[in-house]
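Dear colleague,

I am handing over the structure below, together with notes on what was found in it. Please read the notes alongside the coordinates.

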Amino acid sequence: MKNTLRIFSLVILLFSCTAKKSESDFAVKGFQYARLVSIEQKEGYKELIIKNPKTLKVESKYVLFPRNSKMKRPQGVKIIEVPVQNMAALSTSFVGMLNAIGGIETIKATTEKQYISNSRLLKRINAGKVITAGYETGLTPESVLKAKIPLIVFSGFGQPFPNEDKFAQLGVVCLANYDWEEKHPLGKAEWIKVFGALICKDKEADAYFSQVVSSYQELRKQITSASETERIQKKVMCGGMAGDVWYAPAGKSFMAGIMQDADMDYIYKNTEGTASISLSLEQVFNDDQSCDVWINAEAPTLNGLFELNSKLSYFHTVKEGKVYGYMHDPNYYWEYSQVNPHWLLEDFIRINKGNTQSKLHFYKQLK
């Protein structure tokens with residue numbers, strides 16, 4: 001039975017990357033929650049479309065062309081041969097997505113080693129099979145050419161990738177990923193379909209995401225079906241200091257959406273934006289006085305928090321001992337929380353209810 005399933009999966013995989021015409025050749029790859037990406041099936045190839053987060057207008061188009069196809073290639077477009085065998089994945093969230101669909105072996109360049117959690121990728125880095133770059137500018141055309149990397153996937157901020165023109169001359173495509181700009185709690189995770197299309201594991205990506213959606217919706221049902229007397233809605237502070245500035249998730253961000261779904265009353269829920277907001281410590285201190293819980297504290301312990309800024313010891317949430325964070329294992333959090341929003345939601349539900357006796361996926365209460 002297992003061999004039959006493996007053969008069937010192989011047939012599906014080969015079919016999904018073929019150039020032969022079928023009824024689905026003109027279908028649109030559905031993205032239900034992500035608003036900044038789509039994939040359209042053309043005759044013999046797929047077209048990946050990326051939208052600008054601010055204007056929602058098409059920013060880039062990429063043709064995903066089957067590697068062994070004998071069809072004539074479209075002209076004047078960025079072509080990515082699929083399945084991609086070597087790529088630079090310059091965000092730890094991309095590592096988590098590729099890991100979920102069995103694509104770790106395709107990563108030939110990534111961020112610095114100290115930010116990686118995945119044990120298989122770490123072994124490949126240690127063996128010299130994967131190059132690392134601390135900054136985007138650290139990934140030079142020479143190093144990419146030597147590693148035979150035809151695709152660089154990076155977090156888009158509305159700017160071209162450094163040396164993108166030179167990379168293009170060498171036949172290297174730079175692909176901006178805007179998953180972090182998605183508003184819906186499930187929108188970021190849905191970008192796994194992009195990686196599925198790139199390495200011809202569409203079925204695996206769809207199946208994984210469907211399970212995430214099912215688990216997320218089941219958790220949400222537990223909240224929405226509860227009576228008013230059963231529901232608990234704690235007021236929540238989120239974020240931390242970087243220098244003299246406090247950064248918190250904006251009201252329409254991925255993180256704010258998950259807090260809302262967990263029935264948390266996020267104090268900055270009415271702010272604009274999908275990324276973060278900047279606040280002064282004085283304002284946050286005043287706002288914290290009315291909060292029950294502080295999440296995403298930037299240290300693994302309370303003493304570590306006070307070493308960053310001694311004034312944090314006067315926070316109401318600190319005095320009440322209701323501070324939670326993921327800094328005891330930040331690499332694991334950044335790799336796996338983006339592609340597992342249902343785990344994040346479950347953690348928040350338990351924190352909101354005060355039910356933290358069970359092991360949380362990412363968070364710990366600071367001691």
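In which loop is Asn52 found? Asn52 sits in the loop between β3 (46–51) and β4 (58–66), where helices (H or I, at least four residues) and strands (E, at least two) are DSSP runs, numbered from the N terminus.

Before going further, please keep in mind that this is a predicted model, in which local features need pLDDT of at least 70 and side-chain atom pairs count only at pLDDT 80 or more, while totals for chains, interfaces and linings use all residues. Residues are numbered from 1 along each chain as its sequence is written, and side-chain values use heavy atoms, with hydrogens and water left out.

To return to Asn52, its relative accessibility of 17% counts as buried, given that buried means under 20% relative accessible area, exposed over 50%, and partly exposed in between (1.4 Å probe, protein chains only). If neighbours within four places in sequence are set aside, Asn52 is in contact with Leu36, Lys57 and Glu59, contact meaning heavy atoms within 4.5 Å. Val37 lies 15 residues from Asn52 along the chain, and the C-alpha atoms of the two are separated by 9.3 Å.

As for the overall fold, the protein chain has 13 helices and 18 strands. Its radius of gyration is 22 Å, close to the 21 Å that the globule rule gives for 367 residues, so the chain is as compact as a globular protein of that length; the radius is taken over C-alpha atoms, and the rule is 2.2 Å times the number of residues to the power 0.38. Along the principal axes, the C-alpha atoms fill a box of roughly 65 × 45 × 40 Å. Of the 367 residues, 49% count as buried, and among contacts between residues at least 6 apart in sequence, 56% join residues at least 24 apart.

The accessible surface of the protein chain comes to about 18,200 Å², of which 51% belongs to carbon and sulfur atoms; these areas come from the Shrake-Rupley method with a 1.4 Å probe, and for residues only the protein chains shown count as cover. The mean positions of the 46 positive and 39 negative charges are 7 Å apart. In that count Lys and Arg are positive and Asp and Glu negative, with His and the chain ends not counted, and each charge is placed at NZ of Lys, CZ of Arg, CG of Asp or CD of Glu.

Not counting residues up to four places away in sequence, Phe348 touches Met255, Ile258, Met259, Ala262, Met264, Ile295 and Tyr363.

Met97, in helix α2 (residues 92–100), has 0% relative accessibility and counts as buried; beyond four places in sequence, its contacts include Asp179, Trp191, Phe195 and Val339. Met97 and Ile192 are 95 residues apart in sequence and 5.6 Å apart in space, C-alpha to C-alpha. Val293 lies in strand β16 and is buried, with a relative accessible area of 2%. The C-alpha atoms of Val293 and Lys234, 59 residues apart along the chain, are separated by 7.1 Å, and Lys234 is also among the contacts of Val293, as are Met237, Tyr324 and Ile351.

Finally, some backbone details. A cis peptide bond, with omega about 0 degrees, joins Val82 and Pro83, and Pro83 lies in the loop between β5 (78–82) and β6 (87–89). Asn163, in the loop between β9 (151–155) and α5 (164–169), has phi near 65 degrees, a positive value in a residue other than glycine, and is partly exposed, with a relative accessible area of 44%. Asn296 also has a positive phi near 65 degrees; Asn296 lies in the loop between β16 (293–295) and α10 (302–308) and, at 12% relative accessibility, counts as buried.
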